[in-house]
Amino acid sequence: MFPLLRTAVRVEPLHGEGLTNVLHLVTLADGRKAVLRQPKVARDLPKFVVPGAPEVLAHNGRGDVLVEYVEGRTLADALPVSDEVWRSIGLAFRKIHRVGLLHNDVNLHNVIVGDGKATLIDWDNPGQGNPLDELAAFEEHLYLHGTVLPRAFWTGYGHRPDPLLVRLHRIAGCVGWLASDDWREWEDDRALRPEQLARVRNWRRLLGEWLAGQFRTEYSAAQVAVPQHRQRPEHGHEHRGPQHRQ
């Protein structure tokens with residue numbers, strides 16, 4: 001496939017948690033380690049280099065790529081992590097957002113942590129966009145793993161956007177994800193292990209519950225606000241409760 005692979009002294013399956021790639025860990029003759037990622041469906045690779053991303057050693061037109069291996073554990077496997085690690089994750093996001101780029105696939109399996117630092121991997125689909133979309137998506141994936149973004153992340157990121165604005169982007173992103181074809185494609189993918197399929201089904205359930213909860217929260221807040229509302233003085237009386245009681 002790649003001439004560089006002819007120098008490999010060892011190639012072994014890498015059983016990660018990726019849902020769209022087949023992975024192998026490759027040890028080259030010079031001692032370097034690399035990951036061979038082969039997409040299940042052919043795709044184009046990005047046409048530019050991303051600052052701080054692992055080095056691409058070889059690639060082809062189908063989308064297969066041989067990329068520098070990053071030592072460490074995925075954030076999904078490493079949780080809970082220290083404030084130092086969270087600050088390094090925030091800094092990793094700050095570096096790419098500062099140059100106008102988004103990773104566009106910020107699930108917890110694409111963040112490698114180790115020795116107090118963090119690296120974003122699997123740069124298959126970087127692009128330009130609103131950083132709030134990415135921060136909201138990362139917050140959403142943390143929710144799927146039962147945790148939240150701590151203050152230390154925002155310290156590394158450099159500032160914290162308005163939480164209500166991030167929430168709005170998260171609601172929009174959640175609706176878009178639930179309406180996407182991802183779920184059907186995963187259901188049809190016979191290569192997924194049973195535990196992987198169970199995981200994505202649980203994700204879909206959690207996303208639906210979270211989204212429904214946002215609207216229930218807003219409705220409850222409106223119910224509380226209605227009895228507190230007073231008519232203008234010229235109306236001569238006060239509201240004493242909701243006007244459409246069953």
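## Helix packing and aromatic pairs

Gln214 lies in helix 7, which spans residues 194-228, where helices are DSSP runs (H or I) of at least four residues, numbered from the N terminus. The model is predicted, so that local features need pLDDT of at least 70 and side-chain atom pairs count only at pLDDT 80 or more, while totals for chains, interfaces and linings use all residues. Residues are numbered from 1 along each chain as its sequence is written, and side-chain values use heavy atoms, with hydrogens and water left out.

Gln214 is buried, with a relative accessible area of 13%, buried meaning under 20% relative accessible area (1.4 Å probe, protein chains only). Leaving aside neighbours within four places in sequence, Gln214 is in contact (heavy atoms within 4.5 Å) with Arg167 and Ile171.

| Helix pair | Residues | Angle | Axis distance |
|---|---|---|---|
| Helix 2 and helix 3 | 83-98 and 131-144 | about 150° | 11 Å |

Axes here are lines fitted to C-alpha atoms over the stretch in contact, and angles run from 0 to 180 degrees between N-to-C directions. Helix 2 and helix 3 are therefore roughly antiparallel to each other, a term for angles over 145 degrees. In this packing, Trp86, Ile89, Phe93, Ile96 and His97 of helix 2 meet Pro131, Glu134, Leu135, Phe138 and Leu142 of helix 3.

Phe93 and Phe138 also belong, with Phe153, Trp154 and Tyr157, to a cluster linked by ring pairs, in which rings of Phe, Tyr and Trp (its six-membered ring) pair if their centres lie within 6.5 Å.

Key. Helix = DSSP H or I, 4+ residues; strand = E, 2+ residues; numbered from the N terminus. Buried < 20%, exposed > 50% of the residue type's maximum accessible area, 1.4 Å probe, protein only. Phe/Tyr/Trp six-rings, centres within 6.5 Å; stacked < 30°, edge-to-face > 60°. Parallel < 35°, antiparallel > 145°, perpendicular 65-115°, else oblique.
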